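Student: Could we go through this structure together? I would like to begin with one residue and then move on to other topics.

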Amino acid sequence: MIYFKQLQNDPELMTFIGPILEERALKEKFSARVNCLEDLSQWFTFLIFDQDTKVFCGSVGFLLQDQDSQRVEIGYLALPAAQGKGIITEAANALLEFIFN
């Protein structure tokens, strides 16, 4: 939950995503995401760490839009220090490989 909270409480990241949630609401959102394999209306999310430094950088994930046509929405959050370094591009490519292969 610590990494989820770090992303969800970053004002710069949340500017275009939504409000920063109170602690209780944040825990509920996190708990729902943990059950993404049973509840397909939730995001399936992976954490991203820098390969060299092992520092947390953000997350990348997908939301199933239509199972029959295999359509998904991809989303990501990158901490400001990790932006502009190609980390999200690399993570998104790995995610696409995971989803479609």
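**Surface and salt bridges**

Tutor: In this predicted model, Phe-49 has a relative accessibility of 34% and therefore counts as partly exposed. Phe-49 belongs to strand E1.

Student: Which residues make the nonpolar surface patch?

Tutor: Ile-2, Tyr-3, Leu-47 and Phe-49 make a nonpolar surface patch of about 380 Å². Helix H1 (2-8) and E1 are the elements that give two or more residues to the patch.

Student: Changing topic, how many salt bridges are found in the whole structure?

Tutor: A search of the whole structure finds 2 salt bridges. One of them pairs Glu-23 with Lys-5, with the closest N and O atoms 3.0 Å apart. Glu-23 is in helix H3 and Lys-5 is in helix H1, so this pair ties together parts that are 18 residues apart in sequence.

Student: Finally, where is confidence lowest and where is it highest?

Tutor: The lowest confidence is in helix H3 (residues 23-34), at a mean pLDDT of 90, and the highest is in strand E1 (residues 44-49), at 94. The protein averages a pLDDT of 90, and 100% of the residues score at least 70.

Note on methods
Residues are numbered from 1 along each chain as its sequence is written. This is a predicted model: local features need pLDDT of at least 70, side-chain atom pairs count only at pLDDT 80 or more; totals for chains, interfaces and linings use all residues. Side-chain values use heavy atoms; hydrogens and water are left out. pLDDT is the predictor's confidence in each residue, from 0 to 100. Helices (H or I, at least four residues) and strands (E, at least two) are DSSP runs, numbered from the N terminus. Patches are made of residues with over 30% relative accessible area and no salt bridge: like charges are joined within 9 Å, nonpolar side chains (Val, Leu, Ile, Met, Phe, Trp, Tyr) within 5 Å. Accessible areas come from the Shrake-Rupley method with a 1.4 Å probe; for residues, only the protein chains shown count as cover. A salt bridge is a side-chain nitrogen of Lys or Arg within 4 Å of a carboxyl oxygen of Asp or Glu. Buried means under 20% relative accessible area, exposed over 50%, partly exposed in between (1.4 Å probe, protein chains only).
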